[in-house]
Amino acid sequence: MSADSSPGPVLVARDIRKAYRGVLALDGVSIELAAGSITGLIGPNGSGKSTLFDCICGFQTRDAGSVMLDGRDLRGLSPQRIARQGLRRTFQQLRVFPELTLRQNLLAAAQAAPGFSYLSELLRTPAVRRHERQMAQRADAMLEELRLTRLGGALAGGLSYGQKKLLELGMALMNEPRLLLLDEPMAGVNPTLVEGLKEELLRVNRRGIALLIVEHNLKLVFDISQSVYVLDQGRVLMRGTPDEVAQDERVIEAYLGRRGPAQGKQGAHLD
Amino acid sequence: MDVSMLLQFLANGVSVGLGYGLAAVGLALVFGILEQVNFAHGEIYMVGAFTLWFLGQSAGVPYWLGYPVMVVAMAAFGLLLAEVVFLPTLHRPFETVILATLAVSIILQNLVRLVFGATPLHIDSPLDGMTLELGGVLFFGQRIFVSVVAIVALAGLVAFLRRTETGRAMRAMAQNKDACLMVGIDIRRVTRITAAAGAALCALAAGAMAPMFDLYPNMGTDVVFKSFAVVIIGGMGNISGAMLAGLLLGVAESFASGMLGATYRDGVGFTLMIIMLLLRPQGIFGKSVRV
Amino acid sequence: MSAISPYFLHIGVMTGIFVLLAQSLNVMLGYSGLLSLATPAFFGMGAYASALLTLRLGWDSSLTLICASAVGALSGLALGVPSLRLSRHSFVIVTLSATLLLQLVASNWIGLTRGALGIADIPTVHLFGMPLAGKSAWLAFMAALSVVGVAATWLIVSSRLGRAMIAVRDNEPLAIAAGIDPLKIRLFAFACSGALAGLAGACYAHYLSFIDPGIFGFSISESLLVMVILGGAGTLWGPVAGAVIFTILPEALSMAPEVKSLLYGVLLLLIVLFMPQGMARWFGRQVAAGAGTGK
């Protein structure tokens, strides 16, 4: 499921369009992510980054455009189906299951193997029990990797913010996804923990999991990404290596604010 | 089946329907503005009706005086409900309010049962027995009164929501509670007024319609169910939707009852509600305190 | 044993029935976070199903009880499919309306249910031909079924499915992002709730030997809400304690039904406003998911 990345891109999103009551949040966004890569997605507030995540993962229906995961068309699939296909995400607003223990949180994120029925789950057939044991082992390994083993039996609601962030990441990784979309993973994280989180992301990527990271912490994004997309007002402003992006005039302008007639098309489509 | 019979069904249906609409508007208002479902709504109607009975048959107060007094009393009760239930639970999950209002409805039903007993009671109205005949169709005085009250009340409500500052504050809260805080609208005050208004509207319906039926402590269940059906059909939180859906329900029931038999009358509300939920869950008009 | 008064035996039997009903509501309100007022609907469906199968087809209770449970589960699915997609407010309203609708249907479908006259002379439970005679036998039977009911609830909530229910309850978007289908898991919960209540209904029918459309009435929801919420929704034993206390207490105080309902209303209001976690909070909230293979 992990290391052998198929030759093709892991994600191809073409021409994504999404409007809310007349406001065009996404105006024909196309991105392509190579298998096993780390890609950054940056842009000023309101540029449509979270909307793009939502549209790719099925949390919002897109008005137009297609999304292919490893060549499979995700059209019409519910967000939970998409998650099961190997496309996982985290949220801008930190989410865990507060009334479950850490271990149970991780297990909740692990699925049943396909073909299991409700009845067999209830009756704890040998196959179900075997699967649960495997998942329990995986959860324990994950706790180990996140250095949260001693908290495995504690309710997730009692964790610190940083610990919850790690748990959230752990949950997204339970089923060795092909691609993980991270929505501002460093938001609100203590600077001393950012380095540790960054190391974890790199470790995850080395297992062959592609990452798409939305972040305002530009230093981090430029540090670990192989390529970066810049979104502005619902459109892809440019795509390039971190160096190219960091030095591009248009990007600097987009972040620092408008400066008169130099915008051209970008200003025009606001109405 | 001749035309005058059909017209009779229509006339009956319209007057009952306007009554349903008036009874449901309070529920729609509370849901639209406070986003809470008031399960005690039917009991407000019931307590209003019993209060009117008490004023009239026990205390000897004439109907024309007892009616407004009762409405004011029920508005005060609405304020009490706001203080005890809606305000303390502003930030709690919505099930809390449902359970709390359910509890209130249980309390009221049983209080009334203990105080008044289970024998059905009847309110005498000065309009009893008055009829008006127009083109072969019989209009009962009390029913005309219900229709008039409903129309006037709705017009008053619409004017209030559109033209007064409080009314605008209420509409604002229906749209965006958080934004209200930012522009200085006092949510607590709006909550109190909405609760009082909702109760008053329900009481208006109760006072006008009560003389037409027997009073019994369980009657709130029928009222709340019909009001739910109306609000779901019209669109939760939608004022004009509630009136129109009420009319629709009243007329549909009247025809069903007249043509198929009385047993089918209560099933109409269910059927319409289920159809609406399956085809268009947001109701005919969708949610909005649209005026 | 025979020295125990029939009155206490009767309370014991009713307690057993309410333990099943409490767990039925607990699965929805406690573990799934959905306020279902449909328990009387499943209760009544199970009661009528078992009564009719016994009287009309002469089936043994070992079969009719299972069928009653199945009817309850199917009713849960049938009601759940349209209602679980709705907003949470509409869900509550629809579950309440379902009980009213069933009461209406039961009152008017005279050919099937004998309408308001109800069905009388329902024989006691016959397990493989052997009748449950006398209140002592019934007490033993209901005690056993209560254990089965609690065990079944434990099986459900400690499984992967129970975990998924709690996940959907506590953070639906996260559950979706984890690949869980909220609608399916809620339907499953509703079916389980229906199965438990349907079984309770069948027992009720055979024990009292008489049922009528009033069985779909709201009063059992009144009691159940107090039992489950005060006991502790979302815990395994809280609702059991609630069922025991609130079946025995009103009898012990021999209240008139209106007084009992009035007190329940007041109690419910107070609990909801001031102590929504119920008594289980006092005893230290256990890991809400119960045991779990991953613990």
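In what order do the elements of chain B run from the N terminus on? A few friendly notes on this predicted model follow, starting with that point.

1. From the N terminus on, chain B reads α-α-α-α-β-β-α-α-α-α-α-α-α. That makes 11 helices and 2 strands. With a radius of gyration of 19 Å, close to the 19 Å given by the globule rule for 291 residues, chain B is as compact as a globular protein of that length.

2. Among contacts in chain B with a separation of 6 or more, 78% come from residues 24 or more positions apart.

3. Turning to chain A, you will find an open sheet of 6 strands in the order 6-7-8-3-9-10, with mixed pairing. Strand 6 (87–89) and strand 10 (235–240) of chain A each have a single partner strand, so one side of each lacks a neighbour in the sheet. From one strand to the next, the twist averages 20°.

4. Arg89(A) has Leu181(A), in strand 7 of chain A, as its bridge partner.

5. Lastly, the contact between chains C and A draws 27 residues from chain C and 29 residues from chain A. On the side of chain C, helix 6 (135–157), helix 7 (160–170) and helix 8 (172–177) each give two or more residues. Helix 7 of chain C supplies the largest share, 7 residues. By type, the chain C side comprises 16 nonpolar, 6 polar and 5 charged residues.

Key: Residues numbered from 1 in each chain as written. Chains lettered and ligands numbered in written order. Predicted model: local features only at pLDDT ≥ 70, side-chain atom pairs only at ≥ 80, totals over all residues. Pairing = 2+ DSSP bridges. Helix = DSSP H or I, 4+ residues; strand = E, 2+ residues; numbered from the N terminus. Axes fitted to C-alpha atoms, helices over the stretch in contact; angles between N-to-C directions. Contact = placed C-beta atoms within 7 Å. Nonpolar A, V, L, I, M, F, W, Y, C, P; charged D, E, K, R; others polar. Rg over C-alpha atoms; globule rule 2.2 N^0.38 Å.
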